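Visitor: Could you bring up the model, so that we can go through it together?
Guide: Of course, here it is.

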Amino acid sequence: MTKTLALWEKAKREGRKMAIVTAYDYPFARFADEAGLDAILIGDSLGMTVAGDADTLRVSLEQMEYHTSIVAKAVKHALVMADLPFGSFEESPQKAFSAAARLLKAGADIVKLEGGAPMVETVAFLAKRAIPVCAHIGLTPQHIRQLGGFKRQGKTQEAAQLILEDAIALAEAGARIVLMEAVPADLAREITQRLSIPTIGIGAGPHTDAQVLVMHDILGLNPDKAPGFAKRYLNGAELISTALTQYAADVRGGQFPG
Ligand code: KIV
């Protein structure tokens, strides 16, 4: 069964936790879908995980469109969520609509955009025009120049209050999901309790309706770059390196081809 937004909302009402992972290409999207993940996020984190950049700022709408289209091809069940990249939506609600429509045409079920209060008008504009939106608040990596780096957010009571107000305003504007990154667990719990729409957390404690992690962090593909809150389920880098070393040795030693 396809994991529609209605199923997500039902899971929230019934208190069932949901799991999300990023994927950027066909084989990994297929693994994630077949493993039963509830949503697959084509995150602009691909600028870091796939392209090796230090941040996500250079990712273009064309790149997001391409990766969304190849992930969507592989997914039969999970909700497909795609990031609006930096520079593609902030200027005006109209610009956001054009960019979001391109991601929906590429196969996304819902778009994710970063930003709090300044994005409320845009979220309302999209919601009224058949574009489901996930609003990403807290640590918003597209704003790192302004934030001064990948820093936890909502650490003071005043900062936490602003994030709570942003979450409520975005939900009232029509956001279908709110994602919180790197905020205190108590704040994430309060937002999750106050909103009737599902919440997703990353580095935000255990109380959100869903959790998301980056595929490369789960599989240990970039172990030196994984954030402290991520959990590694595989030593992918080690396994891949061993296999490739073995292949090279087999060719050089005449064991392959047999
Ligand atoms: O781009 C991304 O992968 C994300 C997640 C880290 C939430 O936004």
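Visitor: Where is alanine 130 found?
Guide: Alanine 130 is found in the loop between helix 6 (120-127) and strand 5. Helices (H or I, at least four residues) and strands (E, at least two) are DSSP runs, numbered from the N terminus. Please keep in mind that this is a predicted model, in which local features need pLDDT of at least 70 and side-chain atom pairs count only at pLDDT 80 or more, while totals for chains, interfaces and linings use all residues. Residues are numbered from 1 along each chain as its sequence is written, and side-chain values use heavy atoms, with hydrogens and water left out.

Visitor: OK, and what is the phi of alanine 130?
Guide: Alanine 130 is not a glycine, and yet its phi is positive, at about 70°.

Visitor: Is alanine 130 buried or exposed?
Guide: Alanine 130 is exposed, since its relative accessible area is 63%. Buried means under 20% relative accessible area, exposed over 50%, and partly exposed in between, using a 1.4 Å probe and protein chains only.

Visitor: What about alanine 182, is that one buried or exposed?
Guide: Alanine 182 counts as buried, with a relative accessibility of 4%. It is found in the loop between strand 6 and helix 9, and its phi, near 50°, is a positive value in a residue other than glycine.

Visitor: Let's switch to the strands. What do the eight strands make?
Guide: The eight strands make a closed barrel in the order 1-2-3-4-5-6-7-8, with parallel pairing; two strands pair if DSSP finds at least two bridges between them. Neighbouring strands of this sheet are turned by 25° against each other on average, direction ignored. Axes here are lines fitted to C-alpha atoms, for helices over the stretch in contact, and angles run from 0 to 180 degrees between N-to-C directions.

Visitor: How many bridges join strand 1 to strand 8?
Guide: Strand 1 (residues 18-22) and strand 8 (residues 210-213) run parallel and are joined by four bridges, with methionine 18 standing opposite alanine 210 in strand 8.

Visitor: Which strands does helix 4 touch?
Guide: Helix 4 (residues 61-74) packs on the sheet and touches strand 2 and strand 3, and its direction makes about 155° with that of strand 2. Contact means heavy atoms within 4.5 Å. Helix 8 (residues 157-173) also packs on the sheet, touching strand 5 (133-138) and strand 6 (177-181), and its direction makes about 175° with that of strand 5.

Visitor: Back to strand 3, how many of its residues are buried?
Guide: Strand 3 (residues 79-83) is mostly covered, as five of its five residues are buried. Leu79, Met81 and Asp83 point one way from strand 3, whereas Val80 and Ala82 point the other way.

Visitor: And which residue stands opposite methionine 81 in strand 2, or in strand 4?
Guide: Strand 2 (residues 39-42) pairs with strand 3 in the parallel sense over four bridges, and leucine 41 stands opposite methionine 81. Strand 4 (residues 110-114) runs parallel to strand 3, joined by three bridges, and there the bridge partner of methionine 81 is isoleucine 110.

Visitor: New topic: how many salt bridges does the structure hold?
Guide: The structure holds 14 salt bridges, a salt bridge being a side-chain nitrogen of Lys or Arg within 4 Å of a carboxyl oxygen of Asp or Glu. One of them joins the side chains of arginine 176 and glutamate 9, at 3.0 Å from N to O. Arginine 176 lies in the loop between helix 8 and strand 6 and glutamate 9 in helix 1 (residues 5-14), so the pair ties together parts that are 167 residues apart in sequence.

Visitor: How far apart are lysine 10 and glutamate 14 in helix 1?
Guide: Lysine 10 and glutamate 14 are four residues apart in helix 1, which means about one helical turn. They form a salt bridge whose closest N and O atoms are 3.3 Å apart, and Lys10, Glu14 and Arg16 are linked in a network of salt bridges.

Visitor: Last one, which residues of helix 9 are buried?
Guide: The buried residues of helix 9 are Leu187, Ala188, Ile191 and Thr192. Seen down the axis of helix 9, they fall within an arc of 135°, so they line one face of the helix; the arc is that of the directions from the helix axis to the C-beta atoms. These buried residues pack against helix 1, helix 8, strand 6 and strand 7 (199-202), whereas on the other side of helix 9 Asp186, Gln193 and Arg194 are exposed.
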